Amino acid sequence: QCGFSAAIVQVLNGLNIRYKDIDVLSSPGLLQGIKEFANWPTTPQLYIKGEFVGGCDIVREMAANGELQALLQEKGLL
């Protein structure tokens with residue numbers, strides 16, 4: 001539904017990472033709740049093993065410089 005979400009999906013698919021997506025746009029309460037939970041004002045938000053990583057720009061930057069791959073490897077997912 002969202003170009004930013006699609007960009008994160010593209011990064012994860014490119015790394016052959018299994019993930020679960022949750023449609024927070026279907027529920028205003030869920031959308032607001034996830035923003036408050038992470039203290040992050042925007043969606044999408046990427047979590048790896050329950051740890052908040054960041055939004056679209058951060059995820060793309062991390063993937064470009066290898067930080068995302070290193071984090072995924074550290075967590076045993078790559």
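Predicted model: local features only at pLDDT ≥ 70, side-chain atom pairs only at ≥ 80, totals over all residues.
Modeller: Helices here are DSSP runs of H or I with at least four residues, strands are E runs of at least two, and both are numbered from the N terminus.

Colleague: Which residue does a cis peptide bond join to T43?
Modeller: Look at the loop between helix 2 (28–38) and strand 1 (46–48), where P44 is found. Omega is about 5° for the cis bond, and the partner of T43 is P44.

Colleague: Is P44 buried or exposed?
Modeller: Skipping neighbours within four places in sequence, P44 is in contact with F4, S5, I8, G54, G55 and C56. Its relative accessible area is 13%, and anything under 20% is called buried, so P44 is buried.

Colleague: How far apart in space are P44 and L25, C-alpha to C-alpha?
Modeller: Along the sequence, P44 and L25 are 19 residues apart. In space, their C-alpha atoms are separated by 10.0 Å.

Colleague: On to the helices. At what angle do the axes of helix 1 and helix 3 cross?
Modeller: Helix 1 takes in residues 3–14, and its axis comes within 9 Å of that of helix 3. The two are roughly parallel, because the angle is under 35 degrees. The contact is made by F4, A7, I8 and V11 of helix 1 with C56, V59, R60 and A63 of helix 3. By class that's seven nonpolar, no polar and one charged residues, and the axes cross at roughly 25°.

Colleague: What is the handedness of that crossing?
Modeller: This is about helix 1 and helix 3 again. Their crossing is left-handed.

Colleague: Are helix 3 and helix 4 roughly parallel or roughly perpendicular?
Modeller: The axes of helix 3 (residues 56–65) and helix 4 (residues 67–74) come within 4 Å and cross at roughly 85°. V59, M62, A63 and N65 of helix 3 make the contact with E67, L68, Q69 and L71 of helix 4. Sorted by class, there are five nonpolar, two polar and one charged residues. An angle from 65 to 115 degrees settles the wording, so the two helices are roughly perpendicular.

Colleague: Last one: how many disulfides does the count come to?
Modeller: C2 is partly exposed, at 23% relative accessible area, while C56 is buried, at 6%. The sulfur of C2 has its closest cysteine sulfur in C56, 7.5 Å away, which is too far for a bond because the limit is 2.5 Å. C56 is in no disulfide, and the count of disulfides is zero.

Technical notes:
Residues numbered from 1 in each chain as written. Heavy atoms only, no water. Axes fitted to C-alpha atoms, helices over the stretch in contact; angles between N-to-C directions. Parallel < 35°, antiparallel > 145°, perpendicular 65-115°, else oblique. Contact = heavy atoms within 4.5 Å. Nonpolar A, V, L, I, M, F, W, Y, C, P; charged D, E, K, R; others polar. Left-handed = near helix turned anticlockwise from the far one by under 90°. Buried < 20%, exposed > 50% of the residue type's maximum accessible area, 1.4 Å probe, protein only.
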